[in-house]
Amino acid sequence: MKKGIVKRELCVLISVGMLTSCGKADVSTNTGITQEVATKEATTIEAKKDEATTIEAKKDEATTIEVKTDEAKADETTPEELFKAFCEGEITAEVKTTGSEEVTMDASFFQFLGTPEEEIDPNLYVTIADPVDLDNDGEVEFILENEIYGDNCFDCKDGEVVCFAQGEGTTGYCFYTNYDGANWIVHSDSTHEGRCTYNLEKYDGNLEVVDSFTFGWEDWDDDGNKRYYKDAQDITEEEFEALKAEIVK
Ligand SMILES: [Ca+2]
């Protein structure tokens, strides 16, 4: 009997113990859930913070991209588009001079195709010639031809139009020629008494003159007794004629 009572008591104790332990388990589980929720919330807040930071970063990135797009637009304007914009008066051209002052050229100075015939001034009327790599850098330059002054030469790149050579009238008629494997800009004065000169300049892609020479003849007394020269050297008439034939084609 005693054993039976002991067993029952043990059973009760075990049951109570289980209940108690169960109760404890519930409490601890609830606490665990609460902690878990708190942790999750914290994680969510952290994630949202990260997200906000990411959005801010993306905004910055977008601004950077926008700025870069504007820059790219300027860079991506093709030489043809730049020259067209100049001819249509949308942008001005910088005139390359030997001085330090800034000189600009406005296409409204010129007369283009479509000018009424009665308004045409031969000093101002220009025609658009085929583009040529005038500075020997592999990219073409653009030319406006005038009957009296000769060529106006434009380099169009990096969002800018630069007029680097132009005619100065009959004492400096401007044209280009291919000589000795390169293109050269020529200024000539060949229609006056007493002298005839050809001044050649070879440009590089930075519009710097990398080579130049002058040749011609002088006859200041106009007595038919000409002195032929190339730079400081005297040359023969035949040498002059041969050189001229190579330059003026
Ligand atoms: Ca070129």
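The questions below ask how terms are applied to this predicted model. Residue numbers start from 1 along each chain as its sequence is written. In this predicted model, local features need pLDDT of at least 70 and side-chain atom pairs count only at pLDDT 80 or more, while totals for chains, interfaces and linings use all residues.

Q: What makes strand 9 and strand 10 a pair?
A: Two strands pair if DSSP finds at least two bridges between them. Strand 9 (residues 195-203) and strand 10 (residues 209-218) have 9 bridges, in the antiparallel sense, and therefore pair. One of the bridge partners is Gly216 in strand 10, for Thr197. The two strands form a hairpin with 5 residues between them, and Leu207 in the turn has a positive phi of about 60 degrees.

Q: What is Asn136 called, exposed, partly exposed or buried, and why?
A: Asn136 has 16 other C-beta atoms within 10 Å, so Asn136 is partly exposed. The residue is in the loop between strand 3 (126-128) and strand 4 (142-146).

Q: Why does Asp231 count as exposed?
A: Asp231 has 9 C-beta neighbours inside 10 Å, and is therefore exposed. Asp231 lies in the loop between strand 11 and strand 12 (233-234), and its phi, near 50 degrees, is positive.

Q: What makes strand 6 mostly covered, and which strands pair with strand 6?
A: Of the 7 residues of strand 6 (residues 160-166), 5 are buried. Strand 1 (residues 93-95) pairs with strand 6 in the parallel sense over 2 bridges. Strand 5 (residues 150-157) pairs with strand 6 in the antiparallel sense over 6 bridges. Cys163 in strand 6 stands opposite Val95 and opposite Phe154. Strand 5 and strand 6 form a hairpin with 2 residues between them, with a positive phi of about 50 degrees at Asp158 in the turn.

Q: How do you know that the buried residues of helix 2 are on the same side?
A: In helix 2 (residues 79-87), Leu82, Phe83 and Phe86 are buried. They cover an arc (that of the directions from the helix axis to the C-beta atoms) of only 95 degrees, which puts them on the same side of helix 2. An α-helix has 3.6 residues a turn, so residues three or four places apart point the same way. The face of helix 2 turned away from its buried side carries the exposed residues Glu80 and Glu81. The cover over the buried residues of helix 2 includes strand 1, strand 4, strand 5 and strand 6.

Q: What makes a set of residues a nonpolar core, and how many residues has the largest?
A: A nonpolar core is a set of buried Ala, Val, Leu, Ile, Met, Phe, Trp, Tyr and Cys residues joined through C-beta atoms within 7 Å. The largest has 28 residues, and those with the most contacts inside it are Phe83, Cys153, Phe154, Val161, Ile185 and Val186. The elements that give two or more residues to this core include helix 2, strand 5, strand 6 and strand 8.

Q: With which residues is Val186 in contact, leaving aside its neighbours within four places in sequence?
A: Two residues are in contact if their C-beta atoms, placed from the backbone, lie within 7 Å. For Val186 these residues are Phe175, Tyr176, Thr177, Tyr198, Asn199, Leu200 and Ile247.

Conventions
Helix = DSSP H or I, 4+ residues; strand = E, 2+ residues; numbered from the N terminus. Buried ≥ 20, exposed ≤ 12 C-beta atoms within 10 Å, placed from the backbone.
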